[in-house]
Amino acid sequence: MQDILPNFGEVSPRPAKYTEQVLFGEIWKRPGLSPRDRSLVTCATVIAANRASDLQFYAGGALDNGLTPRELSELVTHLSFYLGWTICGAAAGELVALYAERRIEPHSTVGAPMLELDPESEDRRRSSVEDFVAPVSRILADHTNDVLFGDVWRNPDLAPRDRSLATVVALIAIGQAEQMPFHLNRAMDNGLSESEISEVLAHLAYYAGWPRVMSACSVAGKVLKERRSPPR
Amino acid sequence: MQDILPNFGEVSPRPAKYTEQVLFGEIWKRPGLSPRDRSLVTCATVIAANRASDLQFYAGGALDNGLTPRELSELVTHLSFYLGWTICGAAAGELVALYAERRIEPHSTVGAPMLELDPESEDRRRSSVEDFVAPVSRILADHTNDVLFGDVWRNPDLAPRDRSLATVVALIAIGQAEQMPFHLNRAMDNGLSESEISEVLAHLAYYAGWPRVMSACSVAGKVLKERRSPPR
Amino acid sequence: MQDILPNFGEVSPRPAKYTEQVLFGEIWKRPGLSPRDRSLVTCATVIAANRASDLQFYAGGALDNGLTPRELSELVTHLSFYLGWTICGAAAGELVALYAERRIEPHSTVGAPMLELDPESEDRRRSSVEDFVAPVSRILADHTNDVLFGDVWRNPDLAPRDRSLATVVALIAIGQAEQMPFHLNRAMDNGLSESEISEVLAHLAYYAGWPRVMSACSVAGKVLKERRSPPR
C-alpha cells in the first residue's frame, strides 16, 4: 500500500499540513457528500490522472468506505469508455492486486436483468446522436447507441446515479467541460443533488486541481441556472 | 510483453468481453481502416495517454501489421513536437527495448532528399503564423516555420498522410479539438478519406474515450460540411 | 539520474539531433529567459505531464541553475493546487530522492511573515469568485479565498512572480488556455515581461508540444493587445 503523505512531509511541512488538516481533516469529513461517494470521486480522478500506482491506496479506502468490489470493478469498466482502454487497463491491474491482497473474489451480475433507461430521454439522446454523430461516423453512432448506452449504462453492477457521478468527474478531470451540460443534467435526473455537486467541485479542486474545477464551475453554473428557471 | 487483457478478465468478465468481442473482435477487423493504420492510430493514442509501458504491446503489433521500424521511429519523433519532449522520450525508450528484443537495427534516411511541401498551402500557413504567432512570439513563429514545418514535415521517413493522421489523433487524444480544422483539412489534402476519418473516430472512442471523440466529432462535422459545399 | 537523451539516439539519430542542437543547443541558451526560469518552466511542465520519473533529471538541473530547494519544494506545493494532489504527490516523492542524493535538508519558512497581496486586485478577485463560484459551490469559493489565495499565494517560499509563471505554464501544459487571461495579467502585474512570455511559449512548444502552445498563443495575443491599448 503506497502512502503519499510521507513524500510531501519530507519535502516540506506545508503540503503535509494541507493534506492532513485541510484535505483529510476538513474536506473529506464534510457531511454534504458521503465518504463512499468521495471515494468514488477520488478513484475516478486518480484513474483519469493516469496515476494507477496511487489507486491501491484510494481503492482500498473506497472498499473501507462502503463501495462494493462489484461497484469498484464496474467503475473501472465504465471509465474505460470515458477515459479510454489503455488508461483503464492499468487501473484494472491495480484492482487485481488489491483483490488478491484482500482475498476478494470479484464477480459481476452477468445474466442479471439489464436496467431499462427512461424511454423519453433515450429517444432525445438517440436523435441527438443521429443529428451530430451519424453524419460524421455511422459506426461511432452505432457503438454509442448499442454498446455504450445500450449495454454499459444498462448494466446493474453500478447504479445510474453512480455512473453519472463518475462520468461528470471524468469530464471535469480531463478538462472536457463542454460536454458537462448533457451529463450534469443526466446526473441530476439520476438523483445527484445540487449540494452534492457543490461538494464534488470542492473535493475535485484538491484532486484534479483548481483550473479544471473553475472551468467546470462556469459550465455547472449555467446548467443549474437553467434547471431552476428553464427557458420557455 | 505486457498483455492488458488478463487485468480486465480477473477484475470482471465484462470489460474482457468488450475487449475481446467488441474492440478486437469487431472494431479492429473493420475493413474501412487498415490494421497498419489502426496500429499507427493506437500507438499515437497510447503515447498521448502517457502509457509508454503499454507501448511495447501496441508497437510490436504495429510492426506485425506492416508499419516499418523507420516509420515507427519517425512517428515518435513527429509526436515529440505535438505531445512534448518528456512524454515522447519515454516512448522512445520503449522502442529501444522492442528493437533490441526483435534484433532490429533502426536507421533513418538521413541524407535522403527532403520532401517538397505544396508551395501554395505553405504560403497560406506561413502567413497565418505571421499574423497570429509572430506578434506574440517571434522565436515560436521561427521554430514553427523552420523546424516543425521546414524540417520535420519534410522528412521522408514518414509519409505526409501518416504525419497528418498521427497529428489529428494526437489533437483528439489530448482534447485540443479547436486545432483540428487546419490539420483535418491538411490530412484530407494529404490523402486521408472521409470513410477513414469515420473509422478513426470509432477506433479512438475506445482508446481515447468517448468524450475526446465526441468533441472531435463536432469539429470534424463542420470541416466535412464545409469541404462538401465550401462557402462562396 | 535518468538521462532521456540516449533513448532518442538509439531509436533514430534525428530526434537526438533536435534535442542536442535545437532544444539544448539553441532554445535553452537564448538570453531572453534565464536558465533558472527555464528550469522552473520545464519542471512544472514535466510534473503537469505526469512524468515524475523524469523529474530528478530536470529538478537536479533546476538546483544547478539556481533554483533553491526551498523554491523547488514550494513549486511542487503550489502546483498541487493547480494540477491536483495525486500528480504532485509523485513529484514530491522524486524531490525526496533528489534531496537525499544531494544531502539537502529541506526546510520552509514556516513562521515567517506572510506576504500581503495587493488589496485592490484581491478585492476584484474575491468579488469575481463571489459572482461566479459561490452560487455553484460556497465551499469551493471559501477554499479559493482562504486556502489558495489567502494562504498559498501569500507564502514567502516562492515569489509571486514565480508562482504566476508556474501557474501560467500549468494552464498551458494541461490545455486550460481559457483561464489564461486572469493569470497572464496577474503574471505581468507580478513582473513577468512580454519578452519572457515570448520565450516561455517557444520553450513550452518543445516540452508541452505545439498544440497546447498554439492555443495558448491565441489567448496570449488577445491579453497582450488589450494591455497595450486597454478598452476605454
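How many residue pairs are in polar contact between chain A and chain C? The count is 18, with both residues at pLDDT 80 or more; a polar contact is a pair of N or O atoms within 3.5 Å, where within protein one must be able to donate a hydrogen and the other to accept it, and residues adjacent in sequence count only if both atoms are side-chain atoms.

Before selecting anything, some conventions. This is a predicted model, in which local features need pLDDT of at least 70, side-chain atom pairs count only at pLDDT 80 or more, and totals for chains, interfaces and linings use all residues. Residues are numbered from 1 along each chain as its sequence is written, chains are lettered from A and ligands numbered from 1 in the order in which they are written, and side-chain values use heavy atoms, with hydrogens and water left out.

**Stop 1: chains A and C**

Select chain A and chain C together. Here 43 residues of chain A are in contact (heavy atoms within 4.5 Å) with 45 residues of chain C. The two chains bury about 3,600 Å² between them, 64% of it on carbon and sulfur atoms; buried area is the accessible area (1.4 Å probe) that two parts lose on being put together, summed over both.

Next, pick A:K17 and C:D151. They form a salt bridge, with the closest N and O atoms 3.5 Å apart; the rule asks for a side-chain nitrogen of Lys or Arg within 4 Å of a carboxyl oxygen of Asp or Glu. This interface has 1 salt bridge by that rule.

Now colour the helices (DSSP runs of H or I, at least four residues, numbered from the N terminus). On the side of chain A that touches chain C, at least two residues each come from α1 (5–11), α2 (13–24), α11 (194–208) and α12 (210–228) of chain A. The most, 11 residues, come from α12(A).

**Stop 2: chains B and A**

Move to chain B and chain A. The contact involves 43 residues from chain B and 45 residues from chain A, and the buried area is about 3,700 Å². Select B:K17 and A:D151 to see a salt bridge whose closest N and O atoms are 3.5 Å apart. Of the side of chain B that touches chain A, α12(B) gives the largest share, 11 residues.

**Stop 3: A:H183**

Finally, select A:H183, in helix α10 (residues 180–189) of chain A. A:H183 counts as buried because its relative accessibility is 6%, and buried means under 20% relative accessible area (1.4 Å probe, protein chains only). Leaving out residues up to four places away in sequence, A:H183 touches A:Y82, A:W153, A:T167, A:V168 and A:L171.

Terms used. Buried < 20%, exposed > 50% of the residue type's maximum accessible area, 1.4 Å probe, protein only.
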